[in-house]
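Have the sequence and the 3D view ready as you read.

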Amino acid sequence: MEIFISNSCGKPIYEQISSQVKRLVMDGTLAAGEALPSMRALAKDLHISVITVQRAYEDLARDGFIETVSGKGSFVASQNKEFILEEQLRTAEELLQKAAEIGRTHGIPYTRLAGILKLFYEE
């Protein structure tokens, strides 16, 4: 599992870790039941605090992406398709909201934005 940390992106490191792990789970790179690196090992690899990795893993567990078993480690949780679809829909809504704000701010007509979305969707 490769995680990349950027100090210049403006997102906290724990959020960068959790969002990348979520993406790896949703695109199937990480399969259900697959072991994640221990918190210490990931912290060492990324040269960050174990507490930061712990926060990321706690967020992932809260959101249902991983399960932690005492003494054994953290594993990718078995995902139900509805959960993954809901997470993808949430991401799409955030991106569409940004597009709508850009359209309103710069006077781009709704019909033009909708046409662009339709074009990309049908590709």
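## Before we start

This is a predicted model, in which local features need pLDDT of at least 70 and side-chain atom pairs count only at pLDDT 80 or more, while totals for chains, interfaces and linings use all residues. Residues are numbered from 1 along each chain as its sequence is written, and side-chain values use heavy atoms, leaving out hydrogens and water.

## The largest pocket

The largest pocket holds about 390 Å³ of space. On a 1 Å grid over the protein atoms alone, a pocket is an open set of points where a 1.4 Å probe fits, with protein on both sides within 12 Å along at least five of seven lines; lining residues have an atom within 4 Å of a point. A volume is the space filled by probe spheres set on the points, which are joined across faces, edges and corners.

The lining has 13 residues, and Ser19, Met26, Arg90, Thr91 and Glu94 are the closest to the centre. Helix H1 (13-26) and helix H4 (81-106) each give at least two lining residues, with H4 providing the largest share, seven. Helices here are DSSP runs (H or I, at least four residues), numbered from the N terminus.

Asp, Glu, Lys and Arg count as charged; Ala, Val, Leu, Ile, Met, Phe, Trp, Tyr, Cys and Pro as nonpolar; the others, Gly among them, as polar.

## The second largest pocket

About 220 Å³ of space lies here. Which residues line the second largest pocket? Among them are Leu96, Gly103, Arg104, Tyr110 and Phe120. H5 (110-122) supplies the largest share, six residues, and the lining divides into ten nonpolar, one polar and one charged.
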